[in-house]
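Keep the structure in view while reading.

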Amino acid sequence: MVRYGPCHKRREASMRARPERYPLRFLGGRLCLDFVNSVENRASPAPEEFLTSYPALTRWGRQRGLLAEEDEARVLALAEQQPASAARALDEALALREALHRVFLALATAGEPDLNDLEYLQRVYADALAHARLRRQEDRFEWDWPATDEQLAWAQWLVAHSAAQLLTEGDLGRVRVCANPDGCGWLFYDGSKNGSRRWCSMEGCGSQVKMRRQYARRRAGAAAVPAPRSS
Ligand SMILES: [Zn+2]
């Protein structure tokens, strides 16, 4: 078991819990970016945390298609037997998430990632590969993480693999941050043909910003009409 060290801040202490009744949304286009987006309103003064507990993490993994129903039941049972290990796995997954947020936000805004964050990813990924097996997948092979007694760390292993793939094989010019100025802050991989995607979601942030602009234009137009004189 590798220890990653406490140097990475897990999350803002002030972050509120995102109520479970809100559905999870996966708009990042890459697993690692969806994981980074497990904080709602990330760039606002009041971000909300989805991953407030180990069961919340497994729920996320299940809905993202990483855990089958029986896998989720198995890791939840294991987490109940080993609460300290489960708490550590959650802490480590969140530390990786915050490091990846800094890395991909830097890339999305023409900055350079911090070397400490890249080293952190390297350590998690090396640990992930130490537990992986190559598995035949039709005409090629894929990394696979078989069930072991250390399977509580599945989230960080899969996310680290996705992040390493994106950094080494992806078109980094297509890593973007949502253009909603109201604190969305979600990251996504722009897979559109002409590379012009601006919003995490057209229906959400895109239409919100457009409606606000239309409203502002209407108000500006109304203000420009001189008020009738009362005589
Ligand atoms: Zn957005």
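Start with E142. Leaving aside neighbours within four places in sequence, E142 is in contact with R135 and Q137. The model here is a predicted one. E142 sits in strand β5. Is E142 buried or exposed? E142 is exposed, because 12 other C-beta atoms lie within 10 Å and the cut-off for exposed is 12 or fewer. A132 is 10 residues away from E142 in sequence, and their C-alpha atoms are 9.6 Å apart in space.

**Overall layout**

The chain holds seven helices and seven strands. Along the sequence they run β-α-β-β-α-α-α-α-β-β-α-β-β-α. The chain has 231 residues, and 31% of them count as buried. Take the contacts between residues at least 6 apart in sequence: 61% of these join residues at least 24 apart.

**Helix packing**

Two packed helices are described by the angle between their axes and the distance between the axes. Helix α4, residues 83-108, takes part in both pairs below.

| Pair | Angle | Axis distance | Crossing |
|---|---|---|---|
| α4 and α6 | about 20° | 9 Å | left-handed |
| α4 and α5 | about 135° | 9 Å | left-handed |

Take α4 with α6 (residues 154-169). The angle between these helices is about 20°. So α4 is roughly parallel to α6, since angles under 35 degrees count that way. On the α4 side, the contact involves E92, A93, L96 and L100. On the α6 side, A155, Q156, V159, A160 and A163 meet them. By class, this contact has seven nonpolar residues, one polar and one charged.

Now α4 with α5. The angle between these two helices is about 135°. That makes α4 oblique to α5. Which residues of α4 make this contact? They are L96, A99, L100, R102 and V103. From α5 come D117, L118, Y120, L121 and V124. Eight of the residues in the α4 and α5 contact are nonpolar, none is polar and two are charged.

**The nonpolar core**

How many residues does the largest nonpolar core have? It has 50. Those with the most contacts inside this core are C32, L100, F104, L121, V159 and A160. Several elements each supply at least two of the core residues: α1 (31-36), α2 (54-63), α3 (69-81), α4, α5 (115-130), α6 and β7 (187-189). The largest share comes from α4, with 13 residues.

**Two loop arginines**

R25 is placed in the loop between β1 (16-17) and α1. R25 has 16 other C-beta atoms within 10 Å, so R25 is partly exposed. In sequence, R25 and W60 are 35 residues apart; in space, their C-alpha atoms are 9.6 Å apart.

R198 is placed in the loop between β7 and α7 (202-224). Why does R198 count as partly exposed? Because R198 has 16 C-beta neighbours inside 10 Å, and a residue counts as buried at 20 or more and as exposed at 12 or fewer. R198 and V177 are 21 residues apart along the chain, with 7.7 Å between their C-alpha atoms.

Most residues other than glycine have a negative phi. A110 has a positive phi, near 60°, and is not a glycine. A110 lies in the loop between α4 and α5. A110 has 7 C-beta neighbours inside 10 Å, so A110 counts as exposed.

E138 also has a positive phi, about 55°, and is not a glycine. Where is E138 in the chain? E138 lies in the loop between β4 (133-137) and β5 (140-144). With 6 other C-beta atoms within 10 Å, E138 is exposed.

Notes:
Residues are numbered from 1 along each chain as its sequence is written. This is a predicted model: local features need pLDDT of at least 70, side-chain atom pairs count only at pLDDT 80 or more; totals for chains, interfaces and linings use all residues. Axes are lines fitted to C-alpha atoms, for helices over the stretch in contact, and angles run from 0 to 180 degrees between N-to-C directions. Helices (H or I, at least four residues) and strands (E, at least two) are DSSP runs, numbered from the N terminus. Angles under 35 degrees count as roughly parallel, over 145 as roughly antiparallel, 65 to 115 as roughly perpendicular and the rest as oblique. A crossing is left-handed if the near helix is turned anticlockwise from the far one by less than a right angle, and right-handed if clockwise. Two residues are in contact if their C-beta atoms, placed from the backbone, lie within 7 Å. Ala, Val, Leu, Ile, Met, Phe, Trp, Tyr, Cys and Pro count as nonpolar, Asp, Glu, Lys and Arg as charged, and the others, Gly among them, as polar. A nonpolar core is a set of buried Ala, Val, Leu, Ile, Met, Phe, Trp, Tyr and Cys residues joined through C-beta atoms within 7 Å.
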